[in-house]
Amino acid sequence: RHMGLPDLKVIPGGQSIGVKLHSVGVLVVGFHQINTSEGKKSPGETAGIEAGDIIIEMNGQKIEKMNDVAPFIQKAGKTGESLDLLIKRDKQKIKTKLIPEKDEGEGKYRIGLYIRDSAAGIGTMTFYEPKTKKYGALGHVISDMDTKKPIVVENGEIVKSTVTSIEKGTGGNPGEKLARFSSERKTIGDINRNSPFGIFGTLHQPIQNNISDQALPVAFSTEVKKGPAEILTVIDDDKVEKFDIEIVSTTPQKFPATKGMVLKITDPRLLKETGGIVQGMAGAPIIQNGKVIGAVTHVFVNDPTSGYGVHIEWMLSEAGIDIYGKEKAS
């Protein structure tokens, strides 16, 4: 199997980041009934719209955020015309007509849909490549909390975040890092991809973790061994620290796949503070023998000390970093 580029190095992350995604169009997350003169109804439901649909156009105009929607509704309500909607449902695009109804109580026109235009969360920076400033984080896709579907990213940004407290994980109940976006809320990078392997984009400025800031080589999935390794993550404020883990199993993968390794947290201090892998730790870089080998991705629900990791190989290739040199194996 082909070898990686000997001179490819990435700077491991470990920082806690706040993630703000702006989706394509607006996402329909549910329905509500309007009190009309003819009883309760939801025009959106009548028009055949489903939760999880994304409204991308109204009357031929691109819809980018929630505020774009209201003027169309009021205007159509007053003229009595129907709204022409273009909707994205999974891979297909659907056209439908929707007639707003007047809410008797408020005298306003409504479409009877709950919609949302962006999502926020926290996670961990995995790496950035110093030459291109491309980064990868999280190690898994960001899905909408209501529809459980991956969010289709138009754009987004990452900001610094600080961990304020931790809810410990117990069997059956994964823990969570509680964090707030840093007060200055300075954008540190953009997001242009949300994939099964994480979020990717470009950093606006280099970031430090003040513990392992030198660029490290990367190991391909074939080079990863069972045994001791370390992760970089934050459990207090914004201090990145190293913690011991054990690689329990690893699968050399010929094709991109998400659950490439199983890991167990062995560090007594981390176990005491968090109980193991908690939400917000996803993306924590895994380092073995001085090489970046992957990122923490998912916790085992019944055993918070253990979870899955994704091989760094797939995150780098998603970030658009050429890892195989120009003679890429076909």
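Predicted model: local features only at pLDDT ≥ 70, side-chain atom pairs only at ≥ 80, totals over all residues.
**Salt bridges and buried serines**

User: What is the relative accessible area of Lys65?

Analyst: Lys65 has a relative accessible area of 41%, so the residue counts as partly exposed. Buried means under 20% relative accessible area, exposed means over 50%, and partly exposed lies in between (1.4 Å probe, protein chains only).

User: How many salt bridges in the whole structure?

Analyst: The search finds 15. One of the pairs is Glu241 with Lys239, at 3.7 Å from N to O. Glu241 is buried at 10%, whereas Lys239 is exposed at 52%.

User: What about Lys264, which residue is its partner?

Analyst: Asp303, with the closest N and O atoms 3.9 Å apart. Lys264 sits in strand S21 (261-265) and Asp303 in strand S24 (303-311), so this pair ties together parts that are 39 residues apart in sequence. Strands (E, at least two residues) and helices (H or I, at least four) are DSSP runs, numbered from the N terminus. Lys264 is partly exposed at 35%. Asp303 is partly exposed too, at 25%.

User: Which residues are linked in a network?

Analyst: Glu38, Lys41 and Glu101 are linked by salt bridges.

User: New topic. How many helices and strands overall?

Analyst: The chain has 4 helices and 24 strands. Its C-alpha atoms fill a box of roughly 70 × 45 × 35 Å along the principal axes. Of the 330 residues, 49% are buried.

User: Give me an example. Where is Ser161?

Analyst: In strand S13, residues 153-167. Ser161 is buried, at 4% relative accessibility. Ser16 lies 145 residues away along the chain, yet the two C-alpha atoms are separated by 5.5 Å.

User: What else does Ser161 touch?

Analyst: Leaving aside neighbours within four places in sequence, its contacts include Ile17, Gly18, Ile122, Phe181 and Asp237.

User: Ser42, buried or exposed?

Analyst: Buried, with a relative accessible area of 3%. Ser42 lies in the loop between strand S4 (39-41) and helix H1 (43-46). Not counting residues up to four places away, Ser42 touches Phe31, His32, Gln33, Ile111 and Gly112.

User: Now another loop. Where does Asn210 sit?

Analyst: Between strand S17 (198-202) and strand S18 (216-217). Asn210 counts as exposed, at 67% relative accessibility.

User: How far is Asn210 from Ser221?

Analyst: They are 11 residues apart in sequence and 27 Å apart in space, C-alpha to C-alpha.

Conventions. Residues numbered from 1 in each chain as written. Heavy atoms only, no water. Contact = heavy atoms within 4.5 Å. Salt bridge = Lys/Arg side-chain N within 4 Å of Asp/Glu carboxyl O.
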